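Dear colleague,

I am passing on the structure we spoke about, with the sequence alongside, and would be glad if you could look through it when you have time. My notes come after it.

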Amino acid sequence: MNFYIISLVKAGITAGVLLTFCAYLVWIERKVLAHIQLRPGPYRVGPHGLLQPLSDLIKLMTKEGVIPANVHTFFYLFAPFLAVALALISIVVIPFGPEFSILGVTTGLGLTDLNIGILLVLAVSSLGVYAIALGGWASNSKYSLMGGLRSAAQMISYELPMALAIVSPLLLLNTLNFREMVVAQEGFALGFIPRWTVFAGPVPQVFSFIIFMIAVFAETNRVPFDLPEAETELVAGFHTEYSSLMFAAFFTAEYANIITVCSVATALFLGGWQPLWPAAYGSNFVPPLIIGLAGLMLLYHGSQALKSRRWDRFSFPAIGVIFLGLAGLFFVPVLQPVLIPFFWFASKLLVLIFVFIWVRGTLPRFRYDQLMKFAWTFLFPAALINLLITGLVVALTS
Amino acid sequence: MDAILFLTFAAIAVACAINLVLQTHPISSALSLVGVMTSLAVLYLLLGGSFIAAVQVIVYAGAIMVLFIFVIMLLNTQGERTQPKKNVLPIAIALPLLFSLIGVLAAIVATQVPAGEIVKFGTFSGGDPLTFGRAMFTRYLLPFEVTSVLILIAIVGAVVLAKKEI
């Protein structure tokens, strides 16, 4: 019975954090894109637009959900449900930190510890194409259908290089379980180079990492591979005919997928919750230092507040004190073994997510034939050669 | 718990299979087949074949059926429009034949099949990727390689047949 209660609590926390993070990812994306383009971005709702996700949610919820005439009603309603359900499933196999004991209960920071963890991620991501293809087809509109078809073709094509790029690090790590993978990447070569698969091992997996990242850009329908929703050609692609919460479901699914694939890349290539350099050289002091510095900066800016922004005199120091308190939490002995690994995992995840947004702000979209040619004549052979070399080296050294 | 899960997913599989035959629209039929395959994967998982379950979803539901749906969407086929038939004769012949087939099968199973061990969920543990891979690349290496060559021949044959000039 204990197992069910712990699982329920963990599932509730994970779902809440994941969905909130999805909502704030929209805010982060708009802010980063805006700063790339020298604009302030969302600024009006709340301080620095921080309440923007909430107002977006209210707007989407209170809008009328239009079901257009001539759609295939069952599949039209089923597709967004399927999209969001499949996007939220994969997170169950991701470990966010090592095992820890709290109130006499030992549990892992993460939902399950599946032996076929990475296969589950692949299976769910291969089912994800149904949601988009069905949504496009059931809408009974040519733009939606084109978007759905493009998406199906693109996801099938890029699944191959993605799977091949995953196999090479698996050969080195020798397990399909995410927790065991991260544990296998523990330790430091020469005392300071972390043994992450992307750096260390008999063959550094830099190429696998790059191929994996390119393929997941296509899998999540992001720029430069966002042809299924290319707004200059297809209005909004597969979700042209969707409105209200059904549109929000597709949107949430896209961001949840980004979070999942970035977590997979973190656990598989970047050593999960392992720190960047050994704790002996003070890596444990990095999280409190960063958060504490942010708190001190807020305190300073509170004292230097502009006359036209009188509230800053109170709000900045208040948030600064909260940040200093958070930094203090990293020194509590009970919380330290949980918070520090989680900090490293979250920071790697956020760096990868930043790369996603950065690419969106930088690169133009591929043309459709270029997209297919790139997958089949460059990415797929490159992944195969990379796998062959890794397999050869592993066979010779082990 | 295992028995409840088994009954649930077996029922879903059978319901999807019946739906597959009854639906007139190709997309509905294809998606029912996806339902059958994913619920079969759950049954494999219950029997301890975790690797087979994952591969079932990845290959059948995630790759082959996506191609089916892709082709159906490209052809943009409509639902089959059948005229309501007044002819009762086929049904009158088919129903007794169906029941007699079920009766014959039941009689054969009851008399010929020896009573074996009762299947228990969770007792089999050879379905993880390690044992599976070891068996496939040592004991069953020849059948595995022969099958892969056969599939390769089929792919090349399909390309040759589809393309008039190469």
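Predicted model: local features only at pLDDT ≥ 70, side-chain atom pairs only at ≥ 80, totals over all residues.

Chain A is built with 13 helices and 4 strands. Its radius of gyration is 23 Å, close to the 21 Å that the globule rule gives for 398 residues, so chain A is as compact as a globular protein of that length. The C-alpha trace of chain A spans about 70 × 60 × 50 Å along its principal axes, and 42% of the 398 residues count as buried. Among the contacts in chain A between residues at least 6 apart in sequence, 74% join residues that are at least 24 apart.

Once its neighbours within four places in sequence are left aside, Lys348(A) is in contact with Thr266(A) and Leu270(A). Lys348(A) and Cys262(A), which are 86 residues apart in sequence, are 8.6 Å apart in space, C-alpha to C-alpha.

As for the contact between the chains, 16 residues of chain B are in contact with 18 residues of chain A. On the side of chain B that touches chain A, α3(B) gives the most, with 13 residues, and the residues of that side divide into 13 nonpolar, 2 polar and 1 charged.

Within chain B, helix α3 (residues 50-75) also packs with helix α2 (residues 26-46), at an angle of about 175° and with the axes 8 Å apart. The two helices, α2(B) and α3(B), are therefore roughly antiparallel to each other. The residues of this contact divide into 19 nonpolar, 3 polar and no charged; among them are Leu33(B), Met37(B) and Tyr44(B) in α2(B), and Val57(B), Tyr60(B) and Phe68(B) in α3(B).

Lastly, Gly126(B) lies in the loop between α4 (89-112) and α5 (129-137) of chain B. Gly126(B) counts as exposed, because it has 11 C-beta neighbours inside 10 Å, where the cut-off is 12 or fewer. The C-alpha atoms of Gly126(B) and Ile153(B), which are 27 residues apart along the chain, are separated by 32 Å.

With best wishes

How values were computed
Residues numbered from 1 in each chain as written. Chains lettered and ligands numbered in written order. Axes fitted to C-alpha atoms, helices over the stretch in contact; angles between N-to-C directions. Parallel < 35°, antiparallel > 145°, perpendicular 65-115°, else oblique. Contact = placed C-beta atoms within 7 Å. Nonpolar A, V, L, I, M, F, W, Y, C, P; charged D, E, K, R; others polar. Rg over C-alpha atoms; globule rule 2.2 N^0.38 Å. Buried ≥ 20, exposed ≤ 12 C-beta atoms within 10 Å, placed from the backbone.
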